[in-house]
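Subject: Handing over the structure

Hello,

I am passing the structure on to you, as promised. Please have a look at it first, and then read on.

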Amino acid sequence: MSGFFGIRLARHLKKMMKYMRYVFNDHFILVCVFLLGGLGFYYSQVLKTLPANFVWGRPIIVILWLALLQIGRIATLAEEADKVFILPKEPVMNSYLNRAIRYSFWLPLVALFLMGGMSMPLVVVSTGWAFSTFFYFIVMLGILKASHLRLQKYELYQISSKEHYLWFALWFVTSFVVIVLSLYVVPLVGPLVAAVQAVFFYIALNKKEQTVSLDWEGMVQKEKNRMHRIYQFIHLFTDVPEISSSVKRRKFLDPLLGKIKKTSQNTYLYLYARSFLRGSEYSGLFIRLVLVAGVILFFLKEFWISMGVSMLFVYLIGFQLIPIYTQFDYMVMTHLYPVPNGQKKQAVSKLVTVLLLVAAVLFSIFVLIALPDLKEGLMVVAALIVEVLLFAKFYVPYRLKKMEA
């Protein structure tokens with residue numbers, strides 16, 4: 001069964017690689033570099049203001065590391081048909097699930113390594129220890145994550161909700177104790193106590209699994225939920241057939257549609273606006289990006305970083321909204337409309353302009369609240385308005401022309 005998992009894993013990775021070329025495009029990499037650079041600069045400036053042996057540093061690190069340990073779920077790659085065709089193989093499924101644990105361990109370990117490394121300057125400021133203690137901390141976090149995945153494997157069996165919560169509470173409390181000991185006593189204590197915890201979970205859960213059967217329905221559903229979260233992220237960059245957007249009535253938004261004059265010149269503008277307001281694909285994307293940018297801007301006090309982040313998110317929102325142009329390409333009725341095809345471009349350009357102006361206004365409010373200098377805040381507002389106008393006037397027509405080529 002370990003070989004069977006390898007076959008499924010190869011097929012899964014091949015499928016994910018096709019999507020990754022759309023996710024890790026030039027725009028996304030540019031956004032990541034700019035955002036991480038800005039946040040890193042802001043983080044370094046904050047660290048310089050902290051006193052030696054910063055009291056709140058260790059509690060912040062404990063909360064952060066516990067949160068980081070929640071990243072990553074066991075990837076069983078289970079499918080709907082397994083409930084019938086793989087069911088007879090349940091006695092030898094242990095090797096399959098162990099292979100799944102090993103595969104599921106590496107991505108969380110990379111996240112722990114990166115985020116743990118980013119948190120080390122705060123650890124050094126708070127404890128006064130050398131940066132080399134990072135080795136003990138990353139080993140500790142890796143062992144704790146391994147025991148977490150081992151617990152997730154046990155949750156694939158037919159156990160009650162009460163037992164599930166009890167085991168998770170035990171893992172959470174012991175992990176909390178391990179991190180506290182490593183930060184408040186000696187870093188070497190962390191890996192040693194974490195190893196004891198991992199051995200306990202391994203032995204105890206192995207005995208438990210011998211007395212229960214696999215919950216095939218639950219295992220398939222958990223894998224569906226895991227893949228749905230991945231597809232939701234990929235869907236921010238490209239269309240994903242596995243995700244179907246939902247449509248809601250949203251009657252309270254009808255007054256906004258009423259502002260569009262019902263003339264033949266506004267046929268596509270009405271369609272695109274209605275699709276945006278009642279669909280969950282583009283409206284959800286717009287709301288998520290605005291909220292993320294708003295939270296970041298609210299805590300930024302540096303003029304240039306605020307301007308860069310706000311302008312970057314306006315561009316990102318506009319870039320992600322442009323594909324709405326193809327929303328009705330496969331509707332037969334739209335090809336029968338007695339309206340010129342060029343009206344589609346005008347409608348998309350107008351809708352994107354309005355939405356970007358809304359985003360720019362919201363960003364301006366956050367910037368004006370966060371920045372101490374009103375003049376700097378007004379400069380950011382002016383820059384956002386200019387960016388929206390240039391984006392709608394030049395970039396949108398360029399992108400639409402490229403999409404039709």
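Below is what I found in it, starting with the whole chain and then going into the details.

A word on the ground rules. This is a predicted model, in which local features need pLDDT of at least 70 and side-chain atom pairs count only at pLDDT 80 or more, while totals for chains, interfaces and linings use all residues. Residues are numbered from 1 along each chain as its sequence is written, and side-chain values use heavy atoms, with hydrogens and water left out.

**The whole chain**

The protein chain has 16 helices and zero strands. Helices (H or I, at least four residues) and strands (E, at least two) are DSSP runs, numbered from the N terminus. Along its principal axes, the C-alpha trace spans about 70 × 60 × 40 Å. Of the 405 residues, 43% count as buried. Here buried means under 20% relative accessible area, exposed means over 50%, and partly exposed lies in between (1.4 Å probe, protein chains only).

**Salt bridges**

How many salt bridges does the structure hold? There are ten, where a salt bridge is a side-chain nitrogen of Lys or Arg within 4 Å of a carboxyl oxygen of Asp or Glu.

One of them joins arginine 8 and aspartate 82, with 2.6 Å from N to O. Arginine 8 belongs to helix H1 (residues 2–23) and aspartate 82 to helix H4 (residues 82–85), so this pair ties together parts that are 74 residues apart in sequence. Arginine 8 counts as buried because its relative accessibility is 7%, and aspartate 82 is buried too, with a relative accessible area of 5%.

Another pair is arginine 150 and glutamate 209, whose closest N and O atoms are 2.8 Å apart. Arginine 150 is buried at a relative accessible area of 7%, and glutamate 209 is buried at 8% relative accessibility.

Glutamate 209 also meets the side chain of lysine 153 in a salt bridge (3.6 Å, N to O). Since glutamate 209 lies in H8 and lysine 153 in H6, the pair ties together parts that are 56 residues apart in sequence. Lysine 153 is buried, with a relative accessible area of 1%. Elsewhere, salt bridges that share partners join Arg8, Arg11, Glu79 and Asp82 into one network.

**A loop residue to look at**

Leucine 77 is in the loop between helix H3 (57–68) and H4. Its phi is near 55°, a positive value in a residue other than glycine. With 8% relative accessibility, leucine 77 counts as buried.

Two packed helices are described by the angle between their axes and the distance between the axes. Axes are lines fitted to C-alpha atoms, for helices over the stretch in contact, and angles run from 0 to 180 degrees between N-to-C directions.

How do H11 and H15 cross, and at what angle? The axes of helix H11 (residues 267–278) and H15 come within 8 Å and cross at roughly 45°, which makes H11 oblique to H15. Helix H13 (residues 303–321) packs with H15 at an angle of about 155°, their axes being 10 Å apart. H13 is therefore roughly antiparallel to H15. For these labels, angles under 35 degrees count as roughly parallel, over 145 as roughly antiparallel, 65 to 115 as roughly perpendicular, and the rest as oblique.

**The nonpolar patch**

Val295, Phe298, Phe299, Val354, Val358, Val361, Leu362, Ile365 and Ile369 make a nonpolar surface patch of about 780 Å². The elements giving two or more residues to the patch are helix H12 (281–299) and helix H15 (342–370), and H15 gives the most, with six residues. Patches are made of residues with over 30% relative accessible area and no salt bridge: like charges are joined within 9 Å, and nonpolar side chains (Val, Leu, Ile, Met, Phe, Trp, Tyr) within 5 Å. Phenylalanine 298 lies in H12 and counts as partly exposed, at 37% relative accessibility.

Enjoy exploring it!

Best wishes

Methods: Accessible areas come from the Shrake-Rupley method with a 1.4 Å probe; for residues, only the protein chains shown count as cover.
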